[in-house]
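Trainee: I would like to go through this structure one question at a time. Please show it first.

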Amino acid sequence: AVLRRHPRVHATFNLTPVLLDQLEGIAAGESDNYLDLARMPAASLRPEGQRFIARHFFSVNAARMIAPHARYRELHERFAAPPPGSRPHARRPLSAEELRDLQTWFHLAWVDPEFRDEEPVRSLIRKGRGFTEEEKLSLLDWGVACTAKVVEAYRSAARAGQIEITTSAYHHP
């Protein structure tokens, strides 16, 4: 997306086959535990799903992805799971609204700044909290739709001669 604005700039991208398989899988409707739990209505989450979300939906760069967003920061300060091996301190479970906000913020935080003016991202960031199930699902659907465009964007840029694509071994780290 950035390169399109600078047609005289040429770049090389290394795309691992495992990444391409993952992108194509997501575009084809494959899911994972994170997306499945994010799609689940917050009020319907079982305790093990709530624990997974509390432990893993703060697994982002806190300074860049949590701190800039008041609600995400608030949820992190109150509910982030303690590090493995430490004694958890007593805390009340997350409410359905808090869980839904966390489900939404985890995915909002991963949106590249280049896309933050697109809907529904812009509206959700402005709203900041109290997301509805419909708003959350619209973000998740938007993310899957974006993923479906990634491989073709690289192909198009390669056909135009603006980029060169290299590859690595299938499971290259």
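Trainee: Is C146 buried, partly exposed or exposed?

Mentor: This is a predicted model, in which local features need pLDDT of at least 70 and side-chain atom pairs pLDDT 80 or more, while totals for chains, interfaces and linings use all residues. Residues are numbered from 1 along each chain as its sequence is written, and side-chain values use heavy atoms, leaving out hydrogens and water. Buried means under 20% relative accessible area, exposed over 50%, and partly exposed in between (1.4 Å probe, protein chains only). C146 has 21% relative accessibility, so C146 is partly exposed.

Trainee: Which helix holds C146, and what separation do the C-alpha atoms of C146 and A27 have?

Mentor: C146 lies in helix α8; helices are DSSP runs (H or I, at least four residues), numbered from the N terminus. C146 and A27 are 119 residues apart along the chain, yet their C-alpha atoms are separated by 8.5 Å.

Trainee: Which residue just after α1 has a positive phi?

Mentor: The phi there is about 105 degrees. The residue is G29.

How values were computed
Helices (H or I, at least four residues) and strands (E, at least two) are DSSP runs, numbered from the N terminus.
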